Amino acid sequence: MKRHDERLVSGPSSEARSEAVEAGILRDQLADLSKGVFISMPIGTVLSALILAVQLLSGGGLAAVLWFVAIALINGARVALAVTQSEAAGDNPRAVGARLSLYGLMALASGVAWSFLALLSDGYTTSQAPLYLIVLAGTSAGSVTYGTSYAPASINFIILPLLTAAGCVLAKGGVENYVLAFTVLLFLGGMVRSALLGQFRFRETSRLKYEASEFAAEMERNSRRDPLTNLLNRYGLEQAIAKLGLSDGPFVAMLIDLDGFKSVNDTYGHNIGDDLLVRVARRIENHAPQGATIARIGGDEFVLLFSAGRSQQAAGELASAIITAIANPDPELNSVRVGASIGIYQSEKPRLTEMLLKADFALYAAKRGGRNEYCLFDAGLDAALERKNCIERDLRGAIETGTLCSWFQPLVRLDTNAVVGFEALLRWHHDVHGAISPPEIVTAARETGLLSLLTETVFFNCCAIIAELVKHGRRDVRVAMNLSPRELEAGNVDDMILDGLKAKDVPAAMLEIEITEEAPVDRDRVDEKVGRLADAGISIVLDDFGTGFSTLVSLKDSRIRKIKIDKDFVRDLAKSLEDQAVVEAVIGLGRTLGIEVMAEGVETDADRMILRSLGCLIGQGYLFSAALPLGDALAFDATGSSATEALFKPRRTPKSGNAA
C-alpha cells in the first residue's frame, strides 16, 4: 500500500548506499581530473613548444612540426573533454566511468606522441637529448601531480615515453648509459607507484566524505522514524505535514490510543507488548486511505492523517473499521483484550499542534464513553476546550489574587447537631464561566503544574481557620483538606504541611488529611509520606469509601483514623435497603477496628435518622449546610443557638465510641 510517508520511513538499502558512494567517488575523480587538465595541458603545450623551437634551431624541420601539431591536437581534445564533462556525464555512474576511460585513452595517445621524441633526437643521441630527457621527466612528474585522482590517466601517459627513453639509452651501451637507463626505470616505477597511491588516497578521502554524508542522511531519516514500528515519529510527522499542500484539504486527523495496553505489558512483558504495537501499526496501515500519513507519537498512541477528499469512507466509518481491526482477539493474548479509542478532528489547514490538541480532546471524550469508541471534535467539544483553556489560563491569577479560595463545609454530630469539624472545599467564580467545580480546578492545576501551589493555598486556608478555632478555645474541632495519593507521590507535600504547621504554630491534631484511594505508581513512597503525617498527629481519613479503588484492605492500615462513607450510598438512604445494609456493614467494621465512621451527602432528615439508627454519629451535607466562607463557617450554628454558644462554647465530648 502506498502511503504519503513511505519515502520518509524507508531509507536506501546497504547495496544502494554502496552504489551511491561509488558513484560519488567517480564524480569526484572526474571533476578533479578535469580541473587538473587546465593546469597540466598548458604546461605540456609550453614544453612541447620549447622542444619544437630547439628542433627548428638545430636544423629540424617537418617532423618536429608534425610532432608538435599532434601533441597540441591531443591536448586540445583533452581540454575540450574537460570543458564538456559535467554536461555530458551528469550523475550517471556509467557515463562518468566512460568519461574517465576516455581520459585514459587520450593520455595513452599523448604518451604515444611523446614517445616519438626518441625519433626527433635519433634515439636520444643528439646533443639536445639531455634537455629532452629533462623535459620528458618534468612532463611525466606533472602528469602524476595533476592526475592523482585517476591513476590510469597519468600511467598511460608516462609508461611508453619513459620505456622508450630507457631502451634508447640502454642501447647506447656503456656504464653511464646503463646507470641512466636504470635511473629512468626507477623514475618510472616511482611515478607509477605515486599515481596508484594518489588515486587510492583520493578515493578513500572521497569515500569517507560520501559515507559521512550517507550516515548523516541515515541519522536524519532515523530521527524522523519510530524504530519499533517503522512509522513516523512526532518529528517525522511534523516534517510530513509541512510538505502537504493546502489544495489537498480538508484534512482529517485521527488520534488512536490503545485501551488495555498496560495490562499486556504487565501480564506478558514488554517484548510481547512491542510485538503487539507492530501488529497494530500494520492493521492501521491496512485500513489507511491512499496517501495517508501514519505516525506513532507515544507509547501506545498513533496518528492517522489523510485528505478527506481521498478517502472512500467517512471518518466515523473508517474509525469504526480501525477499532474493529485492533480489537480483533489476538491468539497470543489469551487473558487480555486490547481495544482502541479514537479522537477525530477535521481541519482545512494541516496544523499539527492544533490537530493533535483537538483530536486529543475528542479522544478523551471517547474514553469517557467506554472502550472501543470514537468521537468527532464538534462545536460542543470546541466550547468545552475553550472553557478548559480559559480556566487553565486564568488559574494562577485566581490563586494569587484570592479569587479562588477555600470555603468550609461543617461536619455535624447527628444526635446533637454540634459542629465537630469542617472540610475545606475549593470555590472559584470565574468572570466568564461562572462557578468552577473543584474537580475542574484540580484537573486544571495538574495540567498547568500548579497543583502544589493550589495545595499549599488550601493548606494555609485550613491553618487560618484552625488558628481562629484555637483562639476561641475549640481545639476539639478538626479541619480536613483533601490530598490524592498521586499528589503525595509526586511532590514534597508532607514537608510543606509539617513545616507549615510548625511555622504557623498550628496543632497537628486539629488537621485531617482526606485521601481518596486511587492507585499510585509508587505505593511505598506514598505510604512513607502518609506515615510521616500520621506520626506528627495528623488524622488520616479514607475519603469516598466504597467507590473507586477503595478496598477493605485499607481498613487494616493502623494510620486510618476515620472513613467517610461515600455520598452515593447515603443519598436517599431511607429508600434503599441495599444501601442501608452496606452502610451498616461499614459502620460495624469501623466500630470493630476502632475507626471513626462518618457519612457525607446527608440531604434529608430521613437519611439522618437512618444513619443515627445504624450507629453513624457524624454527618456532612446540605441538610446541615453547604460550604461557607471562613467567617460564616465560624459563625455557623446547626443547633439553633447563637454562634458563640454553638461553636465557641466549651463542651464535653460524648463518650460514645465514634465521637469526634
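Visitor: Where does Ala 288 lie?
Guide: Ala 288 is in the loop between α11 (270-287) and β2 (293-296). Helices (H or I, at least four residues) and strands (E, at least two) are DSSP runs, numbered from the N terminus. This is a predicted model: local features need pLDDT of at least 70, side-chain atom pairs count only at pLDDT 80 or more, and totals for chains, interfaces and linings use all residues. Residues are numbered from 1 along each chain as its sequence is written, and side-chain values use heavy atoms, with hydrogens and water left out.

Visitor: Is Ala 288 buried or exposed?
Guide: Buried, because its relative accessible area is 6%. Buried means under 20%, exposed over 50%, partly exposed in between (1.4 Å probe, protein chains only).

Visitor: How many Å separate the C-alpha atoms of Ala 288 and Leu 577?
Guide: 53 Å. The two are 289 residues apart along the chain.

Visitor: New topic. At what angle do α6 and α8 pack?
Guide: About 15 degrees, with the axes 9 Å apart. α6 covers residues 129-145 and α8 covers 175-223. Axes are lines fitted to C-alpha atoms, for helices over the stretch in contact, and angles run from 0 to 180 degrees between N-to-C directions.

Visitor: So what do we call that arrangement of α6 and α8?
Guide: Roughly parallel. Angles under 35 degrees count as roughly parallel, over 145 as roughly antiparallel, 65 to 115 as roughly perpendicular and the rest as oblique.

Visitor: Now Leu 119. Which helix is its place in?
Guide: Helix α5, residues 117-120.

Visitor: Buried or exposed, this Leu 119?
Guide: Leu 119 counts as exposed, because its relative accessibility is 59%.
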